[in-house]
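Hello,

Here is the structure you were going to look at. Please open it alongside this message, as the notes below refer to residues by number.

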Amino acid sequence: MSAKILITFYSTYGHTFQLAQSVREGAEQAGAEVRLRRVAELPQAAEAMKNDENYQAAQKSMAHLEEVTHDDLRWADGIAWGTPTRYGNMAAQVKQFIDTTSPLWSKGELEDKASGVFVSTATQHGGQEATILSFHIPLLHLGMILVGSPYGQNPTLFNVSEIHGGSPYGPSTIAGGDGSLQPKEGDLIMSKRLGERLTKVATQLKSLRK
Ligand SMILES: Cc1cc2nc3c(=O)[nH]c(=O)nc-3n(C[C@H](O)[C@H](O)[C@H](O)COP(=O)(O)O)c2cc1C
């Protein structure tokens with residue numbers, strides 16, 4: 001039986017959302033039952049950005065998605081988490097949600113579930129790797145099994161003649177300082193492969209959890 005995969009993300013301007021959709025495509029192609037959920041916005045952020053047209057347009061494009069809940073985490077055999085970087089760490093919206101998971105942590109409800117992270121940063125060296133690695137810390141506390149995205153899955157990543165995302169730690173994209181860049185084809189391929197890989201690993205881990 002194939003795995004149930006939850007893809008949950010926060011995105012201010014839509015770049016992380018684009019990666020999330022490729023992760024979903026990969027998981028579905030690998031046979032997973034998928035839930036795509038957004039992390040709730042914080043009221044302070046919504047207020048601060050109420051006059052930002054790009055923010056408003058991006059939020060509108062995600063408004064049809066349900067907000068992630070603890071039951072989604074319980075339901076999933078594997079979870080992909082997406083976030084834009086905030087000074088090398090996950091966004092506060094995602095941290096706020098993770099900080100509500102102590103009831104699940106105390107019962108070990110997320111232990112031995114597969115988990116991977118994908119990110120967006122403004123610049124090439126703005127936290128592409130640090131954000132994923134720092135995100136791994138709470139996932140390890142929750143007992144999750146980390147899944148990355150090795151380069152062997154996409155040799156084009158050895159191309160250093162153009163700026164692109166993607167590291168062995170997880171898929172990523174570079175949005176540009178003004179958010180005008182879009183994910184490169186390789187960024188989306190890496191995201192898709194994370195969905196596939198997460199599905200494979202989560203399927204195997206199901207037997208361990210029983
Ligand atoms: C408070 C704050 C801190 C940020 N810190 C960084 C940073 O350290 N490095 C970086 O490259 N981008 C940084 N950014 C830019 C975001 O990561 C960028 O807007 C995001 O990757 C776009 O993804 P999204 O479209 O999914 O929101 C920051 C943005 C904000 C609002």
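This is a predicted model: local features need pLDDT of at least 70, side-chain atom pairs count only at pLDDT 80 or more; totals for chains, interfaces and linings use all residues.

Ligand

The ligand is surrounded by 17 residues, and the closest of these are S11, H15, T16, S120 and G126.

- T12 places a polar backbone atom 2.8 Å from a ligand oxygen.
- G14 has a backbone N or O atom 3.0 Å from an oxygen of the ligand.
- T16 uses its side chain, with a polar atom 2.6 Å from a ligand oxygen.

Largest pocket

The largest pocket holds about 320 Å³ of space. Its lining is made up of 18 residues, and those nearest the centre are T12, Y13, H15, A175 and G179. Two elements give two or more residues each to this lining, namely helix α1 (15-29) and strand β4 (114-121). By residue type, the lining has twelve polar, four nonpolar and two charged members. H15 is listed both among the residues closest to the ligand and among those nearest the pocket centre.

G179

One of the residues nearest the pocket centre, G179, sits in the loop that runs between β6 (172-174) and α8 (185-209). N159 is 20 residues from G179 in sequence, and their C-alpha atoms are 23 Å apart in space.

S115

S115 counts as buried because its relative accessibility is 0%, and the cut-off for buried is under 20%. Leaving aside residues up to four places away in sequence, S115 touches I79, W81, L139, M144, I145, L146, V147 and L198.

R37

R37 is part of strand β2, which spans residues 33-38. What is its relative accessible area? The value for R37 is 12%, so this arginine is buried as well. With residues up to four places away in sequence again left out, the contacts of R37 are L6, I7, T8, F9, E66, E67, V68 and D72.

Regards

Notes:
Residues are numbered from 1 along each chain as its sequence is written. Side-chain values use heavy atoms; hydrogens and water are left out. Helices (H or I, at least four residues) and strands (E, at least two) are DSSP runs, numbered from the N terminus. Buried means under 20% relative accessible area, exposed over 50%, partly exposed in between (1.4 Å probe, protein chains only). Contact means heavy atoms within 4.5 Å. On a 1 Å grid over the protein atoms alone, a cavity is a set of points where a 1.4 Å probe fits but cannot get out, and a pocket is an open set with protein on both sides within 12 Å along at least five of seven lines; lining residues have an atom within 4 Å of a point. Grid points are joined across faces, edges and corners, and a volume is the space filled by probe spheres set on the points. Ala, Val, Leu, Ile, Met, Phe, Trp, Tyr, Cys and Pro count as nonpolar, Asp, Glu, Lys and Arg as charged, and the others, Gly among them, as polar. A residue is near a molecule or strand if one of its heavy atoms lies within 4 Å of it. A polar contact is a pair of N or O atoms within 3.5 Å; within protein, one must be able to donate a hydrogen and the other to accept it, and residues adjacent in sequence count only if both atoms are side-chain atoms.
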